[in-house]
Amino acid sequence: MSDSNSLSIILCTYNESNRIKQSLNEIKNTLKNWSVPHELIIIDNNSNDGTKEMIKDFKYRNSKIFINKKNLGKGGSIKKGISLSKSQYVMIFDPDLEYNPNDIIAMYDTIIRNKFDFIIGSRRLGRKFSLLEIIKDKNKGITYIINYAGVFFLTELINFLYGVKITDAASALKLFRKNFINKIKLNRNGFNLDFELVCKSAIHKGSIGEVAVDYFPRSKKEGKKIKALTDGFLSLICIIQDRFFSDVQK
């Protein structure tokens with residue numbers, strides 16, 4: 001895709017059989033009449049619940065499907081997607097029904113209009129749901145509160161250590177210029193890649209913006225995979241390492 005404003009959308013999946021069909025169809029219906037040249041890069045991490053079979057049946061113009069022979073981790077699949085992308089802009093979008101496909105267009109319009117190197121879809125800026133209702137939900141309340149507190153702390157730590165002003169470093173919606181991200185050496189393979197992307201973009205003096213996005217959090221029973229303590233600790237190590245011990249190639 002040689003168009004100067006083309007977009008590659010990376011969709012990483014793992015054991016999402018209860019949600020993947022609806023999510024992909026929502027993305028398809030949102031983008032089918034969009035005039036911007038775009039491609040979908042769908043990468044499955046060797047799911048064992050039928051997800052990869054569902055993905056193989058998905059049909060959409062300019063969609064590419066890759067099934068990993070082994071689980072590379074979410075970060076590993078994102079890095080693979082970046083290397084496979086053929087567009088001038090690259091976006092990470094989680095196809096798990098927690099995010100709204102309309103925000104793909106909103107984020108793209110923002111990065112084009114403001115000429116950012118990198119933008120984040122912030123759930124804190126765009127919180128349109130009732131926090132009180134989620135706290136009262138016995139299935140989501142505790143999980144959401146722990147995750148929210150962890151993301152808040154890690155984001156504010158990044159702001160302090162890297163001199164940036166962002167609100168949601170952990171968001172699964174990220175969009176960047178391909179020639180900017182190609183300058184960055186990415187090492188992480190897990191959920192902590194979200195933080196590595198932010199930290200190293202700051203180190204490389206990239207212009208970072210944010211866009212308010214919708215968010216519909218789910219519980220562990222609904223398939224939430226991130227482990228607050230384990231993944232939070234690994235993300236904390238990532239933030240500190242990249243700030244003080246990084247081998248970033250400037």
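Predicted model: local features only at pLDDT ≥ 70, side-chain atom pairs only at ≥ 80, totals over all residues.
A residue is called buried here when its relative accessible area is under 20%.

**Helix H1**

Helix H1 covers residues 20–31. Its buried residues are Ile-20, Ser-23, Leu-24, Ile-27 and Leu-31. Viewed down the axis of H1, these buried residues fall within an arc of 95 degrees, so they line one face of the helix. An α-helix has 3.6 residues a turn, so residues three or four places apart point the same way. The buried residues of H1 pack against strands E1 (7–13) and E2 (38–44), and also against helices H2 (51–56) and H4 (102–114).

**Strand E4**

Strand E4 comprises residues 89–92. Tyr-89 and Met-91 point one way from the strand, whereas Val-90 and Ile-92 point the other way; all are buried. The pairings of E4 are listed below.

| Partner of E4 | Sense | Bridges | Residues opposite each other |
|---|---|---|---|
| E1 | parallel | four | Ile-10 and Ile-92 |

**Aromatic groups**

The model contains seven aromatic pairs, counted for ring centres within 6.5 Å. Tyr-89, a residue of E4, belongs to an aromatic cluster together with Trp-34 and Tyr-108. Elsewhere, Arg-123 lies over the face of Tyr-215, at 4.9 Å from the ring centre.

Methods. Residues numbered from 1 in each chain as written. Heavy atoms only, no water. Phe/Tyr/Trp six-rings, centres within 6.5 Å; stacked < 30°, edge-to-face > 60°. Lys NZ or Arg CZ within 6 Å of the ring centre and 35° of its normal. Helix = DSSP H or I, 4+ residues; strand = E, 2+ residues; numbered from the N terminus. Expected span 1.5 Å × (residues − 1). Buried < 20%, exposed > 50% of the residue type's maximum accessible area, 1.4 Å probe, protein only. Arc of directions from axis to C-beta. Contact = heavy atoms within 4.5 Å. Pairing = 2+ DSSP bridges.
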